[in-house]
Structures are given as C-alpha cells and as structure tokens.
Amino acid sequence: REREKRTFQVLYEAGCGPPLLATFSNGCSYGYVPGKPVDVRSVRDNTVYPMIVAAMARMHKISGDQFNPKPVLFETLEKWVDFVRAEILPYASERCTF
C-alpha cells in the first residue's frame with residue numbers, strides 16, 4: 001500500500017493522476033478524474049490520440065528516482081498464484097481446470 005500511495009502522489013504532482021484524498025488501514029480514496037475511456041475507434045480519432053500522446057509524454061518525463069526501482073509485477077503475480085493455489089483450488093470443483 002505504501003508503494004501505491006507514493007505512486008499516486010507522484011503521478012498527481014506531475015499532473016498525471018487524481019489526488020490522494022484519504023488513506024485507511026485497508027485501502028485508499030482517490031479523487032475523480034473526468035473523462036471517457038478510450039476504445040479501438042476513439043483511440044484512432046484525430047482529436048483523441050494527440051491527447052493520449054501528450055499524457056503519455058508527461059508520464060514518461062517523471063523521474064524514476066521518485067519510485068521504488070524494484071519491479072513488482074512478477075512478485076505480485078506470484079503472490080496471487082500462491083493465493084489461488086492455497087485458498088481457491090482446494091475448494092474448486094473437480095471440473096475446474098487452470
């Protein structure tokens with residue numbers, strides 16, 4: 001959670017994310033970001049894709065020093081797989097396969 005809070009704070013300070021409004025022992029509350037999700041058609045729209053490019057450029061300008069340099073994707077995925085094996089599969093139907 002600390003890494004998540006720091007990430008959202010850094011993104012907010014760079015103008016790339018919502019403000020962190022509150023933190024709780026089991027989560028966080030973030031501000032609202034107005035907009036619409038993009039889809040295959042809208043992402044190709046000549047008025048939409050330049051905004052996406054500009055937002056991505058702002059995000060890529062954020063210094064990596066502000067974040068934890070250790071990648072966490074595979075560590076997190078491994079934790080979820082372990083959880084599924086220990087807590088879900090023992091109770092799953094025999095017809096359920098992964």
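Let's start with Trp80: at 54% relative accessibility, this residue counts as exposed (over 50% relative accessible area; buried means under 20%, and partly exposed is in between, with a 1.4 Å probe and protein chains only). This is a predicted model, so local features need pLDDT of at least 70 and side-chain atom pairs count only at pLDDT 80 or more, while totals for chains, interfaces and linings use all residues. Residues are numbered from 1 along each chain as its sequence is written, and side-chain values use heavy atoms, with hydrogens and water left out.

**The chain overall**

- Along the sequence you get α-β-β-α-α, which comes to 3 helices and 2 strands (DSSP runs numbered from the N terminus: H or I of at least four residues for helices, E of at least two for strands).
- Of the 98 residues in the chain, 8% are buried.
- Take the contacts (heavy atoms within 4.5 Å) between residues at least 6 apart in sequence: 36% of them join residues at least 24 apart.

**Aromatic pairs**

- The count comes to 2 aromatic pairs, where rings of Phe, Tyr and Trp (its six-membered ring) pair if their centres lie within 6.5 Å; planes under 30 degrees apart are stacked, over 60 edge-to-face, and the rest tilted.
- Phe8 and Tyr30 make a stacked pair, at 4.0 Å centre to centre with 25° between the planes.
- Phe8 sits in helix H1 (residues 2-13) and Tyr30 in strand E2 (residues 27-30), so this pair ties together parts that are 22 residues apart in sequence.
- Phe8 is partly exposed at a relative accessible area of 26%, and Tyr30 is also partly exposed, at 23%.
- Trp80 and Phe83 pair edge-to-face, with 6.0 Å centre to centre and 80° between the planes.
- Trp80 and Phe83 are 3 residues apart in helix H3 (residues 73-88), so about one helical turn separates them.
- Phe83 comes out as partly exposed, with 41% relative accessible area.

**Helix H1**

- H1 runs for 12 residues and reaches 16 Å from its first C-alpha to its last, close to the expected 16 Å (1.5 Å times one less than the number of residues).
- Its buried residues are Lys5, Val10 and Leu11.
- The buried residues of H1 pack against strand E1 (20-24), E2 and helix H2 (49-60).
- After H1 comes Gly15, which has a positive phi, near 80°.
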